[in-house]
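Here are my notes for someone opening this structure for the first time. Have the viewer ready and follow the points in order.

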Amino acid sequence: MNLTLHVWRQAGPRAPGKMVVYKAGDISPDMSFLEMLDVVNEGLTLRGEVPIAFDHDCREGICGMCSLMINGIAHGPMKGTATCQLHMRSFKDGDTIYIEPWRAGAFPVIKDLAVDRSALDRIIQAGGFITAATGGAQDANAVLVPKESVDGAMDAAACIGCGACVAACPNASASLFTAAKITHLGLLPQGQPERYRRALEMVDQMDLENFGSCTLHGECQEACPKEISIDTITRMNRDFIRGRLIGTRP
Amino acid sequence: MGRLRIFYASMVGKKVVMGVTGLIGVGFVIMHSLGNLLVFRGPAAINSYSHFLKSTGELLWGLRILLIVAVMFHVIAAVQLTLQSRAARPLAYTKQEHQAATVASRTMRWGGALLLVFIALHVLHFTTGTIRPAGVFSPDDVYANVVTSFRIWWVALFYVAVMVALGLHLFHGAWSSVRSVGVSPPSPQPLHHRISFAIALLVWAAFTAVPIAVAAGIVR
Amino acid sequence: MTVQLEAHIPSGPLAQKWGKHRFEMKLVSPANKRKHTIIVVGSGLAGGAAAATMSELGYNVKCFCFQDSPRRAHSIAAQGGINAAKNYQNDGDSIYRLFYDTLKGGDFRSREANVYRLAELSGNIIDQCVAQGVPFAREYGGLLSNRSFGGAQVSRTFYARGQTGQQLLLGAYQALERQIARGGVTMYPRTEMLDLVVIDGKARGIVVRDLVTGAIESHAGEAVVLATGGYANVFHLSTNAQGSNATAIWRAYKRGAAFANPCFTQIHPTCIPVSGEYQSKLTLMSESLRNDGRVWVSKEPGDKRDPRQIPENERDYYLERKYPSFGNLAPRDIASRAAKEVCDEGRGVGESGLGVYLDFADTIKRLGRDVIKERYGNLFEMYERITDEDPYEVPMRIYPAAHYTMGGLWVDYNLMSNVDGLHVTGEANFSDHGANRLGASALMQGLADGYFIIPNTIGHYLVSNKLEKVDASHAAFKAAEAEVAERTNRFLSIKGKRTVASFHRELGKIMWHYCGMSRNDAGLRTALKKIPELREEFWRDVNVPGSDVELNQALEKAGRVADFLELGELICLDALHRTESCGGHFREESQTADGEALRDDENFAYVAAWQYAGEGRSPVLNKEPLVFENVKLSQRSYK
């Protein structure tokens with residue numbers, strides 16, 4: 001396959017950026033999207049140019065480090081798939097592909113396609129945990145957890161923290177990310193003591209990080225490589241309203 | 001009050017305010033559109049309904065104040081949220097393909113602004129009679145005001161066009177309000193989504209029927 | 001110069017060692033804990049759990065990871081599960097049985113005391129994780145669910161769909177983030193450790209490079225914990241993440257820490273086969289699939305028929321045939337070797353002939369598609385995404401791939417290396433898995449080390465040693481910084497004609513070919529000749545573009561590959577010296593009549609701990625004898 005790539009190049013956080021056109025030749029349809037970029041980068045290196053910086057690590061769709069807005073779609077055209085698991089067979093010979101970084105004020109560009117997503121870590125810091133210091137935990141079977149609860153929690157806990165929800169959202173909102181954690185912990189009995197406090201702290205932090213608001217377009221749910229539902233956002237709002245208006249006591 | 005202020009300060013709080021005020025609006029337009037259908041039962045029916053509303057005195061004013069306050073909060077929250085969301089993405093994508101956003105969801109802001117202008121014009125037109133496209137206005141004869149106005153083609157056309165915007169706004173607004181206020185049960189095909197569609201369709205049809213019927217000469 | 005390797009195993013009966021040791025260890029008073037700075041490198045299960053727990057205890061912790069967030073550590077990719085001797089299934093499990101299975105699974109090349117402690121702590125891990133909100137699979141009644149895993153005949157594996165590692169890591173990550181918010185842990189993401197600083201024989205800090213700005217900085221502390229994972233990327237194609245590297249442990253090795261059993265590498269039997277030269281990684285299909293999938297190839301070499309057209313009597317379910325009691329659940333090393341064997345006979349499947357079938361047709365017939373979907377849906381989807389084949393319809397093709405490294409820095413019972421103050425946890429140390437790790441044991445070890453062992457033993461070290469006040473302005477830090485800067489500049493100044501990736505690929509081929517699933521004297525000697533040549537070419541002809549004052553991924557990779565080029569040689573050296581076969585280390589010269597690994601307990605029942613002897617000098621071999629007081633060494637049999 002031969003492709004034309006339009007890639008966002010930006011030398012550093014404060015440098016101006018622009019789209020640059022590259023030709024990618026001899027691409028196998030069995031390559032992953034990132035392997036295609038590896039090939040392009042090897043070519044750039046041998047030509048004495050600076051290779052394209054992009055974040056990636058596990059390349060099996062679980063670490064959440066890869067990103068990329070591909071032809072205007074977060075993680076590219078394949079639903080429920082992170083960029084590292086997107087294969088070139090999703091494209092045709094001769095295609096033109098636009099590749100941009102996640103764009104949000106809360107995700108400043110570090111270089112080229114790599115962005116700083118530490119805002120998401122800070123949302124977790126604010127309350128995305130169950131306070132359970134190591135040691136002294138009771139037997140794991142002491143509290144029964146209905147299968148339905150744990151399955152629902154797991155659906156939300158599958159979030160890989162990639163930030164595609166923010167990238168795809170027309171408002172650059174982090175609601176789905178935040179709501180997924182609130183839902184994961186809020187559905188489990190262990191998460192009940194801090195349930196409302198957690199929702200308040202995390203939502204407030206989301207505001208502080210200057211993400212946008214949720215208008216329920218549903219773009220996040222479409223972009224999410226783990227297909228997390230916007231139902232979680234309803235739950236986040238419910239816990240937030242309850243916590244703010246009535247109080248955080250469960 | 002402090003608690004409410006803190007609540008409103010957050011984006012979720014503002015969304016809840018938009019949701020609640022929006023749902024008030026949904027209730028209002030449903031009643032309004034059903035009331036409008038009385039036009040089809042002749043001048044006596046709609047005029048006596050109008051007299052009845054006016055005769056309730058404080059109650060009517062109470063409702064009016066509620067609506068005015070709701071619209072104010074709805075608009076202020078919308079403006080604030082829009083500004084925040086704009087600021088959240090300082091640099092737009094060169095290319096962005098929407099996967100899930102609908103015409104309805106994407107026209108909420110411009111459609112909302114259009115509706116705000118429309119509401120002002122509409123009140124000046126049918127409530128106060130300040131704007132008189134047909135040159136005449138009778139505070140006691142709603143039927144006549146409707147018929148004389150909608151006989152003018154561009155007035156009817158304007159109303160019909162705005163009602164498309166209203167229908168869209170209503171559809172996305174009604175179901176997303178339910179989610180914003182946190183009451184919808186989890187489901188991939190939630191019931192409130194279908195109910196919202198039905199409400200939007202019904203209100204749009206009822207509101208559109210009157211100007212069309214007048215312009216077409218069915219109601220005279 | 002040999003070093004004294006004293007394992008510090010507590011005396012007393014096996015089952016009481018850890019309890020006794022915990023009582024005997026000295027404690028740091030609560031008020032004094034915050035005066036101690038502990039440096040933790042790595043934020044996976046072993047590092048993240050350690051950093052969070054030590055901060056909970058009151059220590060001042062600095063935690064480093066090269067990824068953009070501690071949540072990305074490669075522990076996240078573990079799919080199948082975590083073992084614990086809970087005996088919830090009433091199928092005869094016990095701490096002793098888990099201990100024995102793990103020791104036997106490791107082909108009796110690990111320490112009894114360490115492995116027993118691991119089994120003993122396994123239950124606490126599950127309790128702790130459930131308390132944190134890890135959504136382990138449950139039955140309708142609300143009790144925890146278990147499944148069986150390779151190398152065991154009981155169901156003791158706890159799991160969260162196919163994402164157990166992710167959920168356990170997120171539990172540790174959330175605990176860590178809580179401590180970061182509290183101020184107990186300072187987190188340094190996108191920061192890579194490039195050297196260890198040893199002052200007066202004690203590890204006192206590290207030198208790091210800020211991967212965003214390129215700044216080289218020092219961090220001083222009273223103790224250093226390396227939790228930097230394994231080195232399977234020395235094979236280039238492995239199931240590890242792209243960034244997984246050996247640099248931290250290799251730098252520590254060069255500063256005096258002994259490297260134990262480097263040749264004990266695990267080749268995982270169920271990975272998606274290689275499809276082309278461009279390939280950057282191999283994807284694991286969880287071992288749990290072997291619970292319900294049957295492994296087979298055609299009886300005929302070169303059989304190119306559609307697998308569905310091959311009748312039952314022409315298929316060879318070779319694992320079931322050779323190992324009737326464990327069948328498809330034979331341990332990883334054995335399953336991998338068996339796959340290689342049938343492929344060497346020309347019976348491999350797929351275009352390359354390097355693959356075997358993992359077939360679910362029988363189970364789908366028996367249990368229905370929905371049950372299989374519920375159990376493995378996400379794995380099946382992943383397989384289809386990568387190969388474009390539907391495993392519900394066509395058997396999966398799988399082939400072994402480098403996955404895990406049992407070897408690592410040598411540590412004593414307290415998880416401290418032979419360099420005082422340098423502690424090593426998780427996959428980065430050599431401690432618990434001997435010559436082969438059983439499935440669902442890595443998560444167990446990482447968390448046992450991180451949550452329960454190191455937080456206890458580190459205090460003992462801090463109190464037992466007089467530690468002078470040292471800060472990053474000390475001359476030793478400045479010297480190490482200068483060395484790091486010099487090395488960085490050297491990479492950038494070569495400006496040769498080959499990319500870093502091309503060297504990595506070539507090294508990987510040498511390692512896989514000569515030091516992979518089976519090894520022999522001649523091959524290892526060839527590798528030991530080729531690797532130094534390749535290393536020499538690397539330092540002459542590598543091309544590292546860009547500068548050192550920015551995010552420069554090629555520069556990061558160059559440093560890692562340069563270290564792999566040295567480590568690869570040590571692995572081959574170790575493999576050459578160990579002329580027995582054991583676990584994942586199969587020497588063709590040492591096998592039973594029917595081709596199974598043949599151990600040589602008389603000559604090799606020891607830990608081989610290699611000591612750096614300086615540039616251009618052969619490393620020194622130290623031996624820590626393995627003493628078995630409780631179990632009888634037996635030839636491992638899964639027949």
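1. Let's begin with chain A. This is a predicted model, and in it buried residues make up 69% of the 250 residues in chain A. The chain has 8 helices and 7 strands, and its C-alpha trace spans about 60 × 35 × 35 Å along the principal axes. If you look at which residues meet, 69% of the contacts with a separation of 6 or more are between residues 24 or more positions apart.

2. Two spots in the backbone of chain A are worth a click. Leu68(A) isn't a glycine, yet its phi is positive, at about 85°. You'll find Leu68(A) in the loop between α1 (33–46) and β3 (69–70) of chain A.

3. With a relative accessibility of 0%, Ala172(A) counts as buried.

4. On to chain B, which comes to 9 helices and 0 strands. Read from the N terminus, its elements run α-α-α-α-α-α-α-α-α. The C-alpha atoms fill a box of roughly 50 × 45 × 35 Å along the principal axes. How many of its residues are buried? Of the 220 residues in chain B, 41% count as buried. Among contacts between residues at least 6 apart in sequence, 70% join residues at least 24 apart.

5. The surface of chain B is a separate story. Its accessible surface comes to about 12,000 Å², and 73% of this belongs to carbon and sulfur atoms. Chain B has 17 positive side chains and 4 negative ones, with the centres of the two sets 15 Å apart.

6. How do the chains meet? There are 2 pairs of chains that touch, and the most contacts are between chains A and C. Chain B and chain C do not touch, and their nearest C-alpha atoms are 19 Å apart.

7. Take a closer look at Ile82(C). Leaving out residues up to four places away in sequence, Ile82(C) touches a list of residues including Ile125(C), Ile126(C), Phe136(C), Phe158(C), Leu168(C), Leu443(C) and Leu447(C). The list also has Arg156(C), Thr157(C) and Thr164(C) in it.

8. Asn83(C) sits in strand β3 (residues 82–83) of chain C. Asn83(C) is buried, at 5% relative accessible area. Its side chain makes a polar contact of 3.4 Å with the side chain of Ser441(C). Neighbours within four places aside, Asn83(C) is in contact with Leu98(C), Ser122(C), Arg156(C), Thr157(C), Gly439(C), Ala440(C), Ser441(C) and Met444(C).

9. Finally, go to Asp521(C) in helix α15 (residues 521–541) of chain C. Why does Asp521(C) count as partly exposed? Because its relative accessibility is 27%, which lies between the 20% and 50% limits. A polar contact of 2.7 Å joins its side chain to that of Arg525(C). Asp521(C) also touches Leu576(C), Arg587(C) and Glu589(C), not counting residues up to four places away in sequence. His577(C) is 56 residues away from Asp521(C) along the chain, but the C-alpha atoms of the two are separated by 9.0 Å.

Conventions. Residues are numbered from 1 along each chain as its sequence is written. Chains are lettered from A and ligands numbered from 1 in the order in which they are written. This is a predicted model: local features need pLDDT of at least 70, side-chain atom pairs count only at pLDDT 80 or more; totals for chains, interfaces and linings use all residues. Side-chain values use heavy atoms; hydrogens and water are left out. Contact means heavy atoms within 4.5 Å. Helices (H or I, at least four residues) and strands (E, at least two) are DSSP runs, numbered from the N terminus. Buried means under 20% relative accessible area, exposed over 50%, partly exposed in between (1.4 Å probe, protein chains only). Accessible areas come from the Shrake-Rupley method with a 1.4 Å probe; for residues, only the protein chains shown count as cover. Lys and Arg count as positive and Asp and Glu as negative; His and the chain ends are not counted. The place of a charge is taken as NZ of Lys, CZ of Arg, CG of Asp or CD of Glu. A polar contact is a pair of N or O atoms within 3.5 Å; within protein, one must be able to donate a hydrogen and the other to accept it, and residues adjacent in sequence count only if both atoms are side-chain atoms.
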